[in-house]
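Please study the sequence and the structure shown here before reading on.

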Amino acid sequence: MTQTQPLNIVFALFPGVTHLDFTGPHQILCRLPGAKLMVASLEGGEIEADGLIFAHLPRLADVEACDVLVVPGGFGTTEAMANPAFLDEIRRLAWGARYVTSVCTGSLVLGAAGLLKGKRAACHWAWRDQLSLFGAIPDPARVVRDGNVFTGGGVTAGIDFALTIAAEIAGEDVAQAIQLGVEYAPAPPFNSGRPETAPAKVLERVQRMYGSGMAERLAAAEKAGALV
């Protein structure tokens with residue numbers, strides 16, 4: 001498919017978002033022909049993300065519509081799932097979008113908004129099983145497509161996700177040209193990027209790190225899941 005019309009892409013942020021969840025895909029998608037990208041939040045203004053400040057954001061309510069909606073994840077996902085106003089804006093934009101997408105735990109937000117019922121979806125490995133609380137089908141793939149819904153796994157999977165949707169919109173040649181332009185040729189120094197391949201002691205360390213917020217997020221997901 002060749003993209004000839006303007007393509008409006010909106011990234012919906014929330015406090016506590018993981019910045020690579022959206023800056024990675026943003027770097028890829030901004031290179032699509034005709035793409036117009038907007039980064040917005042519920043309140044507008046500033047959003048803090050792992051020590052970085054993203055300022056002068058418009059309010060989601062002021063975004064009339066979009067072709068592609070991207071919801072990133074992060075430790076703030078727990079609060080985002082419990083924010084009715086934020087979920088209302090996600091639903092409103094999703095209903096008119098050509099593609100509804102997420103990265104990392106952003107799929108939990110899509111689920112809480114009632115947008116993943118009966119659909120396969122990806123998520124960060126540590127919280128992937130919580131997708132079932134929203135009637136979704138957890139999928140361990142790095143990028144998952146189900147109809148017009150594209151979801152990426154944890155954090156760095158956002159780049160793979162963005163290249164996948166770039167190919168969908170503008171064709172594989174364009175997507176590959178973007179990949180070459182940013183020299184995306186992953187060659188990590190360790191094979192510990194998945195729980196299946198990470199050393200046991202490394203996996204245990206990360207699970208302990210996430211453990212303090214696991215119960216709180218599960219409770220939030222269960223509460224949100226009961227409403228969809």
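Predicted model: local features only at pLDDT ≥ 70, side-chain atom pairs only at ≥ 80, totals over all residues.

W125, at 25% relative accessibility, counts as partly exposed. Both Y99 and F150 are buried.

## Aromatic pairs

Rings of Phe, Tyr and Trp (its six-membered ring) pair if their centres lie within 6.5 Å; planes under 30 degrees apart are stacked, over 60 edge-to-face, and the rest tilted. Six aromatic pairs are found by this rule. The ring centres of Y99 and F150 are 5.7 Å apart and their planes stand at 80 degrees, so this pair is edge-to-face.

W125 and Y210 form a tilted pair, with 6.2 Å centre to centre and 55 degrees between the planes. Ring pairs also join F75, W125, W127 and Y210 into a cluster.

## A charge over a ring

R217 lies over the face of W127, 4.4 Å from the ring centre (NZ of Lys or CZ of Arg within 6 Å of the ring centre and within 35 degrees of the ring normal).

## Basis of the values

Residues are numbered from 1 along each chain as its sequence is written, and side-chain values use heavy atoms, without hydrogens and water. Local features need pLDDT of at least 70 and side-chain atom pairs count only at pLDDT 80 or more, whereas totals for chains, interfaces and linings use all residues.

Definitions and conventions:
Buried < 20%, exposed > 50% of the residue type's maximum accessible area, 1.4 Å probe, protein only.
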